Amino acid sequence: MARQKLKAIVINRDWCKGCGICVHLCPKKVLELDGSDKAVVVRPEDCICCRMCELRCPDLAIEVLTEEGEENA
Amino acid sequence: MPKNIRFVQGNEACVEGALYAGLDFYAGYPITPSTEIAELLSERLPERGGKFIQMEDEIASMCAIIGASLTGKKVMTATSGPGFSLKQEAIGYACMAEIPCVIANVQRGGPSTGNPTHVSQGDINQARWGTHGDHSIIALTASNHQDVFKMTVDAFNMAETYRTPVVLLFDEVVGHMREKLIVPEKGELEIVDRLRTSVAKDVDYHPYLPREDGRLPMSDFGGEHRYNVTGLFHDMWGFPSNNPKIVSGLLRHLVDKIDNNVQAITRYKEHCLEGAEYILVSYGSSARSAIHLAQNRRSKGEKIGVLELQSLWPFPVELVKEKCAGAKAVLVVEMNMGQVLTQVKAAVKNPDRVFLANRIDGKLITPSDIKQLLRVIQGRGV
Amino acid sequence: MAVKDYLRERFLPHMWCPGCGHGTILNALVHAVEDLQLNKNEIVMVSGIGCSARISGYVDFHSLHTLHGRALAFATGVKLSRPHLKVLVPMGDGDALAIGGNHFIHAARRNIDMTAIVMNNRIYGMTGGQFSPLSGPGVKATTAPYKTIDNSFDVVELAKAAGATFVARSTAFHVKECTEMLAKAILHKGFSVVEIMSQCPTHFGRKNKEGDAVNMLGLYRDNTAKLGSKALEEKPGLIPRGIFVEQERPEYCEEYDKIIAYAMKEKIS
C-alpha cells in the first residue's frame, strides 16, 4: 500500500484559538504557536500524516492534506 | 346514512375530536381526571397507524409531542393540574419555537395535589401565565360533549394556523360526565392541515420569516430543509440571536400573532341573552348550571341570560364589553376564586356591578347556588 | 463529502473556550458521520442546555436545541414519529444525569434507537463552574469551595443497568477511538450511550489544579486504560475505556410497528 505523503497542513487562523493541543501532542513537533497565539506549521518535513492534530483540534481548524506517496518497499 | 351517535364521557368526546382533527401522535402520563384520554388513544391511534407513547413523566410527554410535531405530525397530550404545572417550561418552548401542539387540561382542585377526583376551574390563569416570560396563548373550553368535540377540532386548527400551543381547559365534571355525542361526518367540520413551505430544495428556507398574512410555513424534520429550532431568541433561520431588534421583534410577533386575532379566535354561545337584565358569564361545567337557571327563570318571565365563553385566552374583551353593556348586573359563574371575574371586571364599563357566583369545595356549582346570589343582588333576599 | 460539509461554517469559530474538549467531540462526531457517509437530511441532532448543547448549532443536520435535561424526551418524539431518521443526542453531564437523569434511564429502558453522547467534563461550565453529579467527591467547584462530598454516577454502569444495548466510554485524548465508537454507536440498532470524558480547562481544570487543556488530556492518557488491556489488569484503579455492552434486543420503534400492525388487523377483523 502506498504511504501517505504530506501535501499541506491547512490551518484556519480564524477558527484557531491557540490552545496548543496540536503543538504539544504532535509526535513529531511539527507545529508551534506564533506570536499571535495561532498554530503554524514549522517543520512540515517531519510530518508523518498521523492526523492527530486534525482530529484533536477542538476548533476544527486543522486539515492535513495528503497525497499518495511512493510504494512501500 | 344513520348518524354516528355515541353515549360517551367528555374525555372520550375530546378523543373523538382529536382523531377527527387528524391527531397522529400522543404522549402522556397517567393523571386523574384526564387518564381516559390516554387510555382511549392507546387503543385508537395505532388502529389508524398513529403513535401513542406513555412517557416517564409529564415533562417528557410535553417534550415528546413537540419533537413529533416538528416531524410534521399533529400532536397532543392531556393532563390535569399538577401535570400542567410540570409541563409549563416546555409549553413556553412551544410558544417560543412556534410549534403546533394541543394540551388538554382536565381541571381538578388545586393547588398541589388538591382534589384529584373533584371538579374545579382553578387553572384559568395558569393557562395564561403558567410559563415564564411574555407570550400569548390560546385556551378553549366547553360545557357539553358536542362542544368538547368541536373545541378540540378548533384547538388543532388554531395550533396549525397560528403555530402555537393551544390549551383545552376542560374540567372533571365535563371530562367524566356521560352524554350524547354526534360524531360529525368527514368534511362537516373544517380541518386545517399543516402549512408546509413551498420553498424548493437547496433554496434558502426561513422557518421564522412570516408570510404577508402572518403565517409561517413549516418544513418537516427529515425533509429537504435543515434548520435550527431553539428556545433562545432566534433569527429568521432559527439561530440564536441577542440582537435587540431581533429579540423585541420576535417577542412582539409571538404576542401579536394571537392577540391581533382575538376576533377570529373568539368562541362563545348566547343563551337567553336578548334583553337580559342580569347576565351570567360562565364557561365549562359551571355554564351548565348557569344555562339551566337562565332557561328556567326565563320561562317565568325573568330577564336572565348567559354569555357562555368557549375561548378564554386571548380573553374576548370586546365581546364581553358589548354583550354586558345593557345589564343591570353581571354574575361570573365559575369554580375558582374569581379568575375570569377579574377579566370581566376589566372588560365592562361598570365593574362595580360585576359579581362572583362561585363554588370552591370540589362540588359542581348548582342553579340554586347561583339563584341565591342573584336574589341578593336583585335586592330580594335569600 | 468532506468534514466541513457537515458543519455550518458561518457559525464558526465556535463559542467554546480555547482547549475545550467539546470541540474535539464535535470534531470526532463529524468525522464519524463522514466515515459513515450519512445523508444529512436523515440526521436529527437534539441537544439540551449548557455548553455541550451548543453543538447542535454547528452541524448541518436538522437541529433541535431544547430545554435543560430534556433532549432525550424531545428526541423520543422525533424518533418514534419518524423512525427512519438517525437521532443523535449530545448532552452535558449535568444535562444528561442531573436534571435529565430520569429521561436517560427511561430512554435506555425502552431501547429506542438513538445515540446519547454524554460530553462529560464533570462541571457545569455555562453557569460558571458548579459541581455536577459526575464530579465525584473531593472536587473543587464554585458551589463546593470546601470540596465536594457527593458521590458520582458511573455513566457506563448506570446505562448498563438501565438497559442500554450499546455502552462505550472514551476521552477527548483518544480521538480515533472516539470516532470509531461514535460510528459504531450510530449504526447500532437500539439505545446507544457513548460517554466521552471532555476537559474543561476554564472551570474544572483551573479550580482543581489540573493545568491547561494539554495537561488535562495527559491525565486522560495516564488515568484511563483500554478494556481488557494489561494496564487495566495491573492497575484496576484506572478508568476503563472501550465498548462495555453491544447486544441486540427488541428496539422500541420496531416493536411499536408490530403493535400498529396488530391493532389494524384487529380493527378490520
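Among contacts in chain C between residues at least 6 apart in sequence, what percentage join residues at least 24 apart? The figure for chain C is 65%. This is a predicted model.

**Chain C on its own**

- Chain C contains 11 helices and 10 strands.
- The radius of gyration of chain C is 19 Å, which agrees with the value near 18 Å that a compact globule of 269 residues would have.
- The C-alpha trace of chain C spans about 70 × 45 × 35 Å along its principal axes.
- Of the 269 residues in chain C, 55% are buried.

**Where chain C touches chain A**

- Contacts between these chains involve 20 residues of chain C and 16 residues of chain A.
- On the side of chain C that touches chain A, at least two residues each come from helix 1 (21-36), helix 7 (175-187) and helix 9 (213-223) of chain C.
- Helix 1 of chain C gives the most to this side, with 7 residues.
- By residue type, the side of chain C that touches chain A has 12 nonpolar, 7 polar and 1 charged.

**Where chain B touches chain C**

- Here 35 residues of chain B are in contact with 33 residues of chain C.
- Elements of chain B that give two or more residues to its side of this contact include strand 2 (25-28), helix 2 (35-47), helix 4 (81-97) and strand 10 (228-230).
- Helix 3 of chain B supplies the largest share of that side, 9 residues.
- The residues on the side of chain B that touches chain C are 19 nonpolar, 8 polar and 8 charged.
- Strand 10 of chain B also pairs with strand 2 (residues 62-65) of chain C, in the parallel sense and over 3 bridges.
- Within strand 2 of chain C, C:Leu64 is the bridge partner of B:Val229.

**The two domains of chain B**

- In chain B, 30 residues of domain 1 are in contact with 20 residues of domain 2.
- Among the elements giving two or more residues to the domain 1 side are strand 6 (115-119), helix 5 (124-129), helix 6 (145-162) and helix 8 (244-259) of chain B.
- Helix 5 of chain B gives the most to the domain 1 side, with 4 residues.
- The side of domain 1 of chain B that touches domain 2 divides into 16 nonpolar, 10 polar and 4 charged residues.

Methods. Residues numbered from 1 in each chain as written. Chains lettered and ligands numbered in written order. Predicted model: local features only at pLDDT ≥ 70, side-chain atom pairs only at ≥ 80, totals over all residues. Rg over C-alpha atoms; globule rule 2.2 N^0.38 Å. Buried ≥ 20, exposed ≤ 12 C-beta atoms within 10 Å, placed from the backbone. Contact = placed C-beta atoms within 7 Å. Nonpolar A, V, L, I, M, F, W, Y, C, P; charged D, E, K, R; others polar. Pairing = 2+ DSSP bridges.
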